[in-house]
Amino acid sequence: MDRWEGIEEAVAVADAGSFVGAAALLKVSTSHVSRAIARLEDKLGSSLFHRTTRKVSLTDTGRSFTEQCRRLIQERDEVMAFVSGDGEPQGELRLTCSIAMGERFISPLVRRFATRHPRLSIILDLDNRVVDIVSEGYDVGIRTGDVADRRLVGKKIAVRELATVASPQYLEKRGNPLSVDDLAGHDCIAGTTANWIFLEKGKPRIFVPQGRWRCNSGDVVVAAALEGWGICQLPEFYVRSYVAEGKLMPVLQNSRSEPEVVWMVYPQRRHLLPKVRLLAEELERSLQSSLDRVESLHSDAVRLKHLMLASPIPPAS
């Protein structure tokens with residue numbers, strides 16, 4: 001049995017909702033579709049469809065199987081078109097990234113990439129949870145820290161600095177911590193990261209922040225720090241402009257951690273797809289300069305957001 005036999009037929013039946021409709025889509029006979037599905041189910045040892053005289057519907061196995069097969073067919077066609085055609089990537093490109101990194105840096109770069117490659121359609125999902133890239137069908141994820149999932153290939157595309165800061169008012173009131181151990185006696189503002197990372201005597205040091213305020217938005221964490229709620233650790237791009245203006249002060253500069261690696265990760269079998277390879281080249285070429293750049297427009301927008309968050313709600317008339 002050919003390895004591909006029955007796969008296109010199964011996807012066509014799932015799309016059309018019937019064997020007759022699948023035959024019309026593929027321009028083959030209904031009996032051909034029926035035989036191909038029967039041989040595929042026999043090979044798999046499982047039924048893909050519930051069959052009645054009126055309709056055909058997917059089994060749970062069939063639903064999962066055809067979703068994966070649809071991706072396989074698309075990827076096969078993309079590679080064939082790239083090799084035999086004009087080399088232009090095409091099809092759907094699904095990415096996942098954390099919200100702040102995606103909004104500020106990845107989205108503009110991917111839009112530029114898609115403008116140059118008009119045969120691509122983009123789905124960019126921004127989510128602060130750790131997405132299962134393989135099971136949820138993503139082509140690419142943007143991650144920081146270690147890549148522990150062995151199903152994924154990781155490509156380093158940039159590094160980002162982490163900054164530990166507090167407001168001058170807070171430090172005047174509570175004092176400046178001189179070591180990581182001193183943080184235990186301070187109010188800490190926690191974000192999405194459970195652990196803060198430092199470097200002491202050449203070795204990584206992990207600290208678990210404790211305090212009255214935790215939020216999964218870096219902008220909200222910055223707003224709390226500006227108001228004197230405590231010490232926070234965030235990617236430097238959140239706080240760079242406020243440090244330059246003296247509204248936030250760096251602490252524990254002698255224990256500053258190594259820069260955090262930004263990875264582009266993707267399922268192992270997708271690394272040869274033209275759309276993935278070319279996107280990796282684009283991000284590797286452009287992301288670092290975007291992370292390092294101080295954009296006044298962005299700073300003004302963030303300041304306005306903080307003022308809105310800090311402004312008291314007027315009493316009802």
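Here are a few worked exercises on the chain shown above.

This is a predicted model, where local features need pLDDT of at least 70, side-chain atom pairs count only at pLDDT 80 or more, and totals for chains, interfaces and linings use all residues. Residues are numbered from 1 along each chain as its sequence is written, and side-chain values use heavy atoms, with hydrogens and water left out.

**Exercise 1.** Work out why strand β7 is described as largely enclosed.

*Solution.* First, count: five of the five residues of β7 (residues 162–166) are buried, so the rest of the structure largely encloses this strand. Second, check each face: Leu162, Thr164 and Ala166 are buried on one side, and Ala163 and Val165 are buried on the other. Third, find the partners, given that two strands pair if DSSP finds at least two bridges between them. With β12 (residues 231–235), β7 pairs antiparallel over four bridges, and Ala163 sits opposite Leu234 there. With β13 (residues 249–250), β7 runs antiparallel over two bridges, and Val165 faces Pro250.

**Exercise 2.** Find which residues touch the most other members of the largest nonpolar core.

*Solution.* Begin with the term: a nonpolar core is a set of buried Ala, Val, Leu, Ile, Met, Phe, Trp, Tyr and Cys residues joined through side-chain atoms within 4.5 Å. The largest one has 42 residues, and Ile142, Met264, Leu279 and Leu287 touch the most other members. Now zoom in on Met264: leaving out residues up to four places away in sequence, its contacts include Val140, Ile142, Val153, Lys155, Leu279 and Leu283. Finally, there's a second, separate core of 17 residues, with Val11, Ala12, Ala22 and Leu40 among them.

**Exercise 3.** Decide whether His117 is buried or exposed.

*Solution.* Locate His117 first: it's in the loop between α5 (99–116) and β4 (120–126). His117 has 13% relative accessibility, so it counts as buried. Beyond its neighbours within four places in sequence, His117 contacts Glu88, Pro89 and Leu278.

Note on methods:
Buried < 20%, exposed > 50% of the residue type's maximum accessible area, 1.4 Å probe, protein only. Contact = heavy atoms within 4.5 Å.
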